[in-house]
Amino acid sequence: MTSLKTFLVFGATGQTGRHFTSLALADGHRVRALVRTPSRVEESSPNLEVHQGSITEPLDLHSLLDEVDYVVCLLGDAQLQATRKVNTVFVQQLIPAMRRQNVTRFLYQAGGLSAPPNHKLPLVLKVVRSTVARKFIGQHRDNEAVMQYLVDTASDIEWMVHRAAIGSDGPTRGTLRRSAKKVSIATFSDVAAYNYNLLLDPSAIHTSDLSAY
């Protein structure tokens with residue numbers, strides 16, 4: 001990244017979020033992180049600003065978005081999303097708040113088994129979703145509702161969605177690249193690096209693509 005930026009990260013203590021936060025801080029950027037449990041934040045940096053809170057509780061989005069350049073949402077709670085579209089409700093509050101603060105760039109991480117807006121999953125992915133990954137169906141439905149909301153109402157926002165497939169927190173397996181059809185099961189660190197670079201890719205704006213090695 002050519003100039004220093006301020007990232008507002010939701011999900012900074014998650015397995016992808018930790019790697020993403022480390023990458024941004026290592027490059028000298030500022031990170032503002034909203035977390036439920038501040039003690040879980042592993043990084044220590046003068047450029048890291050930690051706020052305690054949850055997207056399921058009232059938030060001062062005006063303050064959180066103040067002087068922010070990029071908003072990154074890496075949230076996922078399969079148990080909660082099994083019965084409630086919590087991410088959708090939150091994004092429906094976040095996008096108007098971003099408009100009020102003139103923040104335009106937004107990255108949302110969904111799952112590789114979440115269907116892109118106005119499209120169906122390939123048969124093989126549909127079978128996986130309904131069998132071995134069926135406990136995450138609520139999560140994917142929530143992600144799909146978020147993506148549809150962005151398509152329908154947020155054309156003025158430079159949003160991008162990464163439909164990631166993550167398998168482990170092992171060592172890097174290489175560099176992920178954006179793909180409309182191919183998907184690789186990646187490590188958390190590789191997904192974080194992909195997300196970090198995706199924010200700078202103007203061709204990724206208004207896309208909901210997969211990633212593959």
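**A close look at strand β4**

Modeller: Val-72 in strand β4 is the bridge partner of Val-9. Keep in mind throughout that this is a predicted model.

Strand β4 covers residues 70-73. Begin with its neighbours. On one side of the account is strand β1, residues 6-10, which runs parallel to β4 and is joined to it by 4 bridges. Strand β5, residues 105-111, also runs parallel to β4, and 4 bridges join these two.

Next come the side chains. In a regular strand, side chains alternate between the two faces of the sheet. In β4, Tyr-70 and Val-72 point one way, while Val-71 and Cys-73 point the other way. All four of these residues are buried, whichever way they point. Buried here stands for under 20% relative accessible area.

Tyr-70 also belongs to an aromatic cluster, together with Phe-7, Phe-20 and Tyr-196.

The model has 6 aromatic pairs. One of them is formed by Phe-10 and Phe-90, an edge-to-face pair with 4.9 Å centre to centre and 70° between the planes. Phe-10 lies in strand β1 and Phe-90 in helix α4, residues 86-100, so this pair ties together parts that are 80 residues apart in sequence. Like the residues of β4, both Phe-10 and Phe-90 are buried.

To sum up, β4 is bridged to β1 and to β5, and its residues are buried.

Conventions: Residues are numbered from 1 along each chain as its sequence is written. Side-chain values use heavy atoms; hydrogens and water are left out. Buried means under 20% relative accessible area, exposed over 50%, partly exposed in between (1.4 Å probe, protein chains only). Two strands pair if DSSP finds at least two bridges between them. Rings of Phe, Tyr and Trp (its six-membered ring) pair if their centres lie within 6.5 Å; planes under 30 degrees apart count as stacked, over 60 as edge-to-face and the rest as tilted.
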